[in-house]
Amino acid sequence: NTAAHADKTYQIGTDVTFPPFEFANDQNKYVGIDIDLMKAIAKDQGFKVNIKPIGFNAAVQATQSGQIDGVIAGMNITPERAQTFDFSNPYYKSGVVMAVKQGGSVKNLNQLKGKKVAVKTGTAGAAYANSIKNKYGFKVVTFDDSNNMYQDVLTGNSAACFEDQPVMQYSIKQGTKLQIVTKPADSGSYGFAVDKGKNKVLLAKFNRGLANLKKNGEYDKIVKHYLDSKG
Ligand code: GLN
């Protein structure tokens, strides 16, 4: 290998707190299924990554404007997004659930009439809430990250929030005093995304690396590590 073949470093945006997919650990280092997967794929395919935890919507926007090369942030592969992004092969199944305060009186969608619901800007959960808000008569309030969204429900300002099931479940296990009251809706899958038509090489490397990691057991090891332990 000569300097001409030096590993390329890609700038990859991610969410700030979306455990078990991305979060800062005790040493303030970013870890999680997305982070470990991205790093393992980079290693497998011979490139480098600089992980930028800038928030979900910010990462999506920065990818679209070409400021960064891609986003890995538990991002659902959707037909709407596929018009402006190229997605990798799916790597994790997920769906949106409604969560309320533990011990509170609100237990279903019908009880949200006249109340507020907290969502995170630009997410599948926000799109879902907006699609049913007129039917159930609630108002949507937006936040940039999951922690602030949960807080709004915990303080009682919002009656509920909409979040991805594996993330909500993990956070509750870690002590967040919320409770899931619905089955996961519109189950899609997470994919790594790049700006449409702009980063075919990186996307191809991601897909090749992902396939290798699934074959050699590394993918299962990463997922297991975060779902069995506490990260
Ligand atoms: N999976 C959801 C989406 O694609 C939320 C992602 C996130 O909050 N990081 O919109």
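This report covers the domains, their interface and the nonpolar cores of a predicted model.

## Basis

Residues are numbered from 1 along each chain as its sequence is written, and side-chain values use heavy atoms, without hydrogens and water. In this predicted model, local features need pLDDT of at least 70 and side-chain atom pairs count only at pLDDT 80 or more, while totals for chains, interfaces and linings use all residues.

## Domains and interface

The domain assignment (automatic or from a database) gives domain 1 (3–91 + 191–228) and domain 2 (95–187). Their centres, taken over C-alpha atoms, are 26 Å apart. In contact (heavy atoms within 4.5 Å) are 15 residues of domain 1 and 15 residues of domain 2.

The area buried between the two domains is about 1,100 Å², with 55% from carbon and sulfur atoms; buried area is the accessible area (1.4 Å probe) that two parts lose on being put together, summed over both. On the domain 1 side, Thr17, Phe18 and Pro19 lose the most area to domain 2, together 35% of what that side buries.

## Nonpolar cores

A nonpolar core is a set of buried (under 20% relative accessible area, 1.4 Å probe, protein chains only) Ala, Val, Leu, Ile, Met, Phe, Trp, Tyr and Cys residues joined through side-chain atoms within 4.5 Å. The largest has 44 residues, of which Ile12, Met38, Tyr91, Cys161 and Phe192 touch the most other members. Both domain 1 and domain 2 give residues to this core, so it lies between them.

Apart from this core lies another of 20 residues, among them Val117, Ala124, Phe138 and Val140.

Key:
Buried < 20%, exposed > 50% of the residue type's maximum accessible area, 1.4 Å probe, protein only.
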